[in-house]
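I opened the notebook for a quick look at annotated residues and aromatic rings.

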Amino acid sequence: MVKQKPPVEKNETIELTFEDITHEGDGVGKVNGYPLFVPFALPGEKAKVKVIKVKKNFGFGKLLHIDEVSPERVEPPCDVYVQCGGCQLQHMSYNMQLEMKQNQVKNTLRKIGHIEDIPVHPTIGMEDPWRYRNKVQIPVGYRHGELITGFYRKRSHEIIEGMDRCVITAEINDRMVEAVRRMADRLGITAYDERSYRGVLRHIMVRTGQATEETMIVIVTRTEELPHQEEFVKELHETYPQIKSIVQNVNKQQTNVILGRKTKVLWGEEYIYDTIGDIKFAISAKSFYQVNPPQTKKLYDKALEYANLSGGETVIDAYCGIGTISLFLAQKAKKVYGVEIVPEAILDAKQNAKLNNIENTEFYVGEAEKIMPWWTAQGLKPDVIVVDPPRKGCDEALLEAMITMKPKRIVYVSCNPSTLARDLRILEDGGYETKQVQPVDMFPQTGHVEAVAEIHLRL
Ligand code: SAH
């Protein structure tokens, strides 16, 4: 076959019509079949584009001027949308975001999993798709001799200038960040500088329970000591009564990881509480907790519906985290076994079970792909298995273990349609049948796509 040269050259300006969009929010347009990825372009738009990178099978471009504007284009409400990169879809109407996520799941299942002719339902969205994040972690730095906070500019460690709000973060958290920044500035607490390895304040983290309105402030420092600690803490909680916990986290490492190993409670409780549905969660500074509880509730309600429990079932929740799904399932099952690799998460899961007086769960630390075959050898026979793996999907050994265990139903919660499609193919070949898939928008304005699949053993 004769190798064809790409039909465009670097730095060339071309006119491009956009047909598609990637999950990162880049518009896709083709020149004689050769795809170019262009940030901030929408399907249906026609634009002048400067070619900035040419690879063998695809290239990248920069939007110069939109000649035909899509009716779905909206003004991003965030002032630093382009610099930040935390959101990818703010320039797209919310309806189009939901439709795009549904199509992405549908197309990926077909292309990668060869799964067609099953219902992929319209994405379940939020009524108000802004200000939904219950947690913010923001770096601290200096500008013109003043402490500043703000996210890093895309692919850099430079704090974005003039960023005083984040439109997908709960308003109260924005206000708390600003209060901490002002107080620290006034007390002369210095910002950490990663180049010189000097200064104190690295990050400010704020988490607020949406249902309880309890706030935890976490001050991440390079040093063991927080200068003016007493004054700082006293003023903070006296001014803001919703603060229930002020915690210092010490991170002495020269690393991008935000939290260090050591945490100490400076004032108030070690935990704040929040609820998802009827279940209460105790959340400490280092606990994983879903950032969008109302959507999590919708996702897990779907998972529960697909599990179709009537009370007598034995259920396995693999990749159970802090047991969020397990505790939901336990209300309708005879027994739920959860397995998770992070020991602290399992401690949280056990504690949360106790907090809710749920007695029919057992949690184990370990790799799901090793623990499940061991359970099989012990004679454990699950009626339903629920999996909620990380982006890389299920380990093949785990898929094999499920196929051997032959549960009547599998419910697959996925944050990556590609690995969902790959894994569904393996399950289909192992005697299972995908019945339906429901996308749920857990992270509006971003390209993240979450979906839950109902899978039955073929009779
Ligand atoms: N359902 C959980 C979150 C699941 S996120 C909740 O709502 O809390 C995926 C989880 O899989 C993470 O907690 C991660 O630590 C865990 N994990 C990753 N690899 C694993 C493995 N091989 N075995 C078990 N758990 C694993």
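Which residues is Glu340 in contact with, leaving aside its neighbours within four places in sequence? I worked on a predicted model. I found Tyr319, Cys320, Gly321, Ala345, Ile346, Tyr364, Val365 and Gly366. I placed Glu340 in strand β15, residues 335-340. I noted a relative accessible area of 12% for Glu340; buried means under 20%, so Glu340 is buried.

I then checked the record. The unreviewed UniProt entry has a "binding site" annotation that covers Gln290, Tyr319, Glu340 and Asp388.

Tyr319 came next. I located Tyr319 in the loop between β14 (314-318) and α6 (324-330). I read 16% relative accessibility, so Tyr319 counts as buried too. Leaving aside neighbours within four places in sequence, I listed contacts of Tyr319 that include Glu340 and Asp388. Val339, Ala368, Glu369 and Leu398 are also among them.

I moved on to the rings. I logged nine aromatic pairs in the structure. For Phe37 and Phe58, the ring centres are 5.8 Å apart and the planes are at 70°, so I filed the pair as edge-to-face. Phe37 lies in strand β3 (residues 34-39), and Phe58 lies in the loop between β4 (46-54) and β5 (59-68), so the pair ties together parts that are 21 residues apart in sequence. I noted Phe58 as partly exposed, at 30% relative accessible area. Phe37, Phe58 and Phe60 form one aromatic cluster.

Last, I looked for charges over rings. I found Arg202 over the face of Tyr192, at 4.3 Å from the ring centre. I also found the charged end of Lys280 over the ring of Tyr273, 4.8 Å from its centre.

Notes
Residues numbered from 1 in each chain as written. Predicted model: local features only at pLDDT ≥ 70, side-chain atom pairs only at ≥ 80, totals over all residues. Heavy atoms only, no water. UniProt positions renumbered as here; feature names shortened; annotations may be inferred. Helix = DSSP H or I, 4+ residues; strand = E, 2+ residues; numbered from the N terminus. Buried < 20%, exposed > 50% of the residue type's maximum accessible area, 1.4 Å probe, protein only. Contact = heavy atoms within 4.5 Å. Phe/Tyr/Trp six-rings, centres within 6.5 Å; stacked < 30°, edge-to-face > 60°. Lys NZ or Arg CZ within 6 Å of the ring centre and 35° of its normal.
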